[in-house]
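Work through the exercises below with the sequence and the three-dimensional view side by side. Try each task before reading its solution.

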Amino acid sequence: MNITLRIWRQPGPGRPGHMVTHRVDDISPDMSFLEVLDVLNQRLTAAGEDPVAFDSDCREGICGMCGLVINGIAHGPQASVTTCQLHMRSFADGDVIDVEPWRAGPFPVLKDLVVDRSALDRIIQAGGYISIPTGSAPEAHSILVPKDDAEDAFDAATCIGCGACVAACPNGSAALFLGAKITHLGLLPQGQPERDSRALAMIARHDAEGFGGCSQIGECTAVCPKDIQLEVISRCHRDVVTALFHHGEQQEGPPEDQTGGNLASGPAGD
Amino acid sequence: MSETAMPPESGLFSVGAPIADTKAPPGPIGERWDVRRFNARLVNPANRRRLSVIVIGTGLAGGSAAATLGEGGYRVEVFCFQDTPRRAHSIAAQGGINAAKNYRNDGDSVMRLFYDTVKGGDFRARESNVHRLAQVSVDIIDQCVAQGVPFAREYGGLLDNRSFGGVQVSRTFYARGQTGQQLLLGAYQALERQVAAGTVRVHARHEMLDLIVVDGRARGVVVRNLVTGEVSAQFADAVVLATGGYGNAFYLSTNAVGCNATAIWRAHRRGALFANPCFTQIHPTCIPVSGEHQSKLTLMSESLRNDGRIWVPKLAGDGRAPADIPERERDYFLERRYPAFGNLVPRDVASRAAKNVCDEGRGVGPGGLGVYLDFADAIARLGRPVIAERYGNLFDMYRQITSEDPYRAPMRIYPAVHYTMGGLWVDYDLQSTIPGLFVIGEANFSDHGANRLGASALMQGLADGYFVLPSTLAHYLAAGPYPSVDETHPATRETLAAVRERITRLLAVGGRRTVDSFHKELGTILWDHCGMERTREGLTQAIAAVRALREEFWRDVTVPGSGEELNQSLERAGRVADFLELGELMCIDALHRDESCGCHFRAEHQTPDGEALRDDEHFAYVAAWEHTGGPPVLHKEQLAYEYVELKARSYK
């Protein structure tokens, strides 16, 4: 196969970027999309040109490090896969393919196709955990979890934190990422004690990072390589509302930065 | 020890003083860990915030260690080369994690897990360490469940188990085919909780390029910020390496493309002994190579061998489609050769058997480098939904990569480099030969001997990080804080200068060949001569070839760009330069070990039916290598077996 790639090239953070056309000839349909970029980079390097910077690590669809917008779609045309698991058999000989980084305010471009996704870590820091110091756990079988709950929690927990949901969302919302973690922990008995505080703190951090609100468009779930369902966002919203209600009952009122955020508002800020 | 055991190639290395692990207390094996913990010094909680620890790597071992040390109140600085700690390659572990819970009431116990692991490692692991691993395995499951790790459960709400290779009990806990992901996210979340609490700082997109040793103690590291290119020195009272294995020396492996040996290799060059570098696990069930372009290999979990049957045609060169080959013309070679364990023999045994049938011309698929892993019987017996529930994501991954449907046709699999049992030498406290430098998880050598059993890597990573290191490191830190070190210290200046000089040299070569072309060539040399089958002749050739390639690398590599920017070519160049040194040591180790054991199969040493033939009289030791700049020096740690009888491993 011969293809033409039009790739976003940007020398560094905050610098202007533009699309550059690169032809890649003689590739196999069994190659992954990232292996085509490898081949291109070998040729650019041999020709004394600057290779294309892009992130990847496990190359088996689980680490969440890779992620490209391919022909306008996060992770490309095939559903339920990451960019590293997209193979050239999904394309035709002679195709012209646009390749861009995730584009969202909270994900600044570092170089070419590499973006900074540390905002997602900060959402987890706000409460995406169960507080259980090492060594203090009870015997594993003292906690019974109904099989269906365990399965549903697992489905949400398979989120790989790639950020495709944000890249696809017209509002630049990370609601699917946020909802996946709130659903995973909220469905388990171990997650109950911190359920209210978790929901309030995580959504507050989500908004403070500049991610937009969810308006239930569903682009996120359409591109999610792990098929995280839109339902997790509903569960997240329910937990936030319930937490606000509980806070009202206790007449404490939520802390100032835990207002429930852009719960159902539109795009954030600019 | 008999002098006759010394190979004639001994000019390649010299033999130094033996070493001993003096930290494991004597006495009954079941009490040693308790005794060691009781005798360890403690640090008053109020004093812990004055003590600092650097942790390199955020996989199961590093992530769990950093979180636990942070909870304990120490100041922890964490570095990883990925963009977030959650990417570490533990995430890709599929099948499960072992623990001696005996929830199945099938005869399991701490002693049996200990026994299985020592035997599975073909008697080249330390008894004390392995027994401790088995003891703490049960605590790991408790910890992970409490964190919210969504393990597979049964209808009554209890945890489910499956069995894995090399054992006859069901002790493996799992979360579909994504156990590593779920365990790592548990550790990652615990780590991020400490970041929020202010005890841990995470420096993502930073790579360790050297170790700072002051007055014989590890006191810091030199790191490079991979976004800005800034090189800086970082200091602490102790340094923990949790940087995983070096399987990417082979270029193609199941490791992530970023996995590398630079941290451990640089520490080795600073004085840490490197143990058993030739012990590399070739995993039997991986998707075969499809072409020259391949950048990595993908594992299909060993758990598939619970329900899949491995076979090849009886007839060499049989070109028929698998469905057209009748039952009587199939050779279920593992079931035939190993009736007691069948398809669940250990990985080294299964890989070698697959290689043998392919060498006989009975391999399937392109190039004849593959065997079938067939689920037809299991689907007929259990139904497709059950198989989908157990292995759905693996089947999907296989179909995605090969465009073949494993529900309808058997998978094709072939062995691939997967894990390295070798690593930096550590004592019972997980401390290297450099005081203050601790090494945990796959980066050390300690628990798996010459072959690791399935579902034991996750167990070891978390055992080291959650439970072992926090006790033993405290003992070391209790003697601190150590005198402060800064950028002006001569050792710091020398180390920083060496790192900067090396970066400059890499950029200045200005040759014609890309870094990847050297890496691929090195991988081919190691795979051909230091892979599933090794010979004296092949290894001797390989050593010369690696040396020549290394010389060519420094003469003809091209690294575009500069050091003051995000430069992925430069990152890879440094890693490959280190693999080119490590690769030679792997071959020297393989050549010197003139026996077969576990993964290390020397063709000269096999039983009449082709099984590995150990030489316990001469080689029941850990080979720990000292870097000299010239021929390395071999230090032997003799292994004693008091609780497991030293005998030929049999899975028949």
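**Exercise 1.** How many salt bridges are there between chain A and chain B?

*Solution.* Begin with the conventions: this is a predicted model, in which local features need pLDDT of at least 70 and side-chain atom pairs count only at pLDDT 80 or more, while totals for chains, interfaces and linings use all residues. Residues are numbered from 1 along each chain as its sequence is written, chains are lettered from A and ligands numbered from 1 in the order in which they are written, and side-chain values use heavy atoms, with hydrogens and water left out. Next, apply the rule that a salt bridge is a side-chain nitrogen of Lys or Arg within 4 Å of a carboxyl oxygen of Asp or Glu. The count between chain A and chain B is then 8, whereas over all chains it comes to 83.

Finally, look at two pairs. The side chains of A:Asp155 and B:Arg176 form a salt bridge at 3.0 Å, N to O. Another joins B:Glu389 to A:Lys147 at 3.1 Å, N to O, and this pair crosses between chains, from helix H11 (residues 384–402) of chain B to helix H3 of chain A. Helices (H or I, at least four residues) and strands (E, at least two) are DSSP runs, numbered from the N terminus.

**Exercise 2.** State how much area is buried between chain A and chain B, and how many residues take part in the contact.

*Solution.* Buried area is the accessible area (1.4 Å probe) that two parts lose on being put together, summed over both. Here the value is about 6100 Å², of which carbon and sulfur atoms give 51%. Taking contact to mean heavy atoms within 4.5 Å, we find 74 residues from chain A and 74 residues from chain B.

**Exercise 3.** At what angle do the axes of helices H13 and H16 of chain B cross?

*Solution.* Axes are lines fitted to C-alpha atoms, for helices over the stretch in contact, and angles run from 0 to 180 degrees between N-to-C directions. The axes of H13 (residues 490–508) and H16 (residues 568–592) of chain B come within 10 Å and cross at roughly 105°. H13(B) is therefore roughly perpendicular to H16(B), a label that covers 65 to 115 degrees. H13(B) contributes B:Arg502, B:Ile503, B:Leu506 and B:Leu507 to the contact, and the residues of H16(B) include B:Leu570 and B:Asp578.

How values were computed. Parallel < 35°, antiparallel > 145°, perpendicular 65-115°, else oblique.
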